[in-house]
Amino acid sequence: LHRGELAVIAARPGAGKTTLALQIGRELADRHKKVLFLSLEMTRQQLVERLLVQWTQTNAWDLRTGKNVDALEARLAPMRKVIPHLNLRVADGIGYTVNQVQHLLYKLDTDGGGAPDVLMIDFVQLVAAEAGLQQHATISEYIRALKELAIQYRMAVVICSQINRESSKNA
């Protein structure tokens, strides 16, 4: 990933795009990069659960159902000092528009923390449609605007995108 550039993680539904993006984001945060993970699909709680599963190598279902809590606590104990200092911020919200993303970046930049080194957006098909535009045109415009934000804020942008099921049948 390079500042000012936009990368796409694309795959079919259920292939692990979100998990991969979270792993990349976590690795970058471990390397002292500021990462903003913006989910248009999942809540912060769901994303934090996925991160906890990654960090502790526990069973996701056990975490969700509260099984083996003692084992989870034991695996989390050494990380308690590290986790609060990670520069991995998670924001959620359905259908962020480009203006909302830009406002969020501006707020982060001016509140003293600075703009992120990497902005990750999961997933682009859930962007709110602009008035009068078809979904395809909205996504194209959204990606173009994100590229401009990557240049403006000198950050890398990673977007997750779902491959159309119909187009994958023809491959």
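Predicted model: local features only at pLDDT ≥ 70, side-chain atom pairs only at ≥ 80, totals over all residues.
Guide: Residues are numbered from 1 along each chain as its sequence is written, and side-chain values use heavy atoms, with hydrogens and water left out.

Visitor: What makes up the secondary structure of the chain?
Guide: The chain has 7 helices and 5 strands; helices (H or I, at least four residues) and strands (E, at least two) are DSSP runs, numbered from the N terminus. Their order from the N terminus is β-α-β-α-α-α-β-α-β-α-β-α.

Visitor: Why does the span of helix α1 agree with its 14 residues?
Guide: The expected span is 1.5 Å times one less than the number of residues. For residues 17-30 that should give 20 Å, and the end C-alpha atoms of α1 are 20 Å apart, so the two agree. After α1 comes histidine 32, with a positive phi near 70°.

Visitor: Why is threonine 18 called buried?
Guide: Buried means under 20% relative accessible area (exposed is over 50%, partly exposed in between; 1.4 Å probe, protein chains only). Threonine 18 has 7%, and therefore counts as buried.

Visitor: What is threonine 18 in contact with, leaving aside neighbours within four places in sequence?
Guide: Contact means heavy atoms within 4.5 Å. By that rule, threonine 18, a residue of α1, touches Phe37, Glu41, Met42, Leu47, Arg50 and Asp122.

Visitor: How do you know that the buried residues of α1 line one face?
Guide: The buried residues of α1 are Lys17, Thr18, Ala21, Leu22, Gly25, Arg26, Leu28 and Ala29. Seen down the helix axis they fall within an arc of 160°, so they line one face; the arc is that of the directions from the axis to the C-beta atoms. An α-helix has 3.6 residues a turn, so residues three or four places apart point the same way. The buried residues of α1 pack against β1, β2, α2, β3, β4 and β5.

Visitor: What makes a set of residues a nonpolar core?
Guide: Its members are buried Ala, Val, Leu, Ile, Met, Phe, Trp, Tyr and Cys residues joined through side-chain atoms within 4.5 Å. The largest such core has 23 residues, and Ala21, Val35, Phe37, Leu47, Leu88, Val118 and Met120 touch the most other members. Another core, of 20 residues, lies apart from it and includes Leu38, Leu40, Tyr142 and Tyr153.
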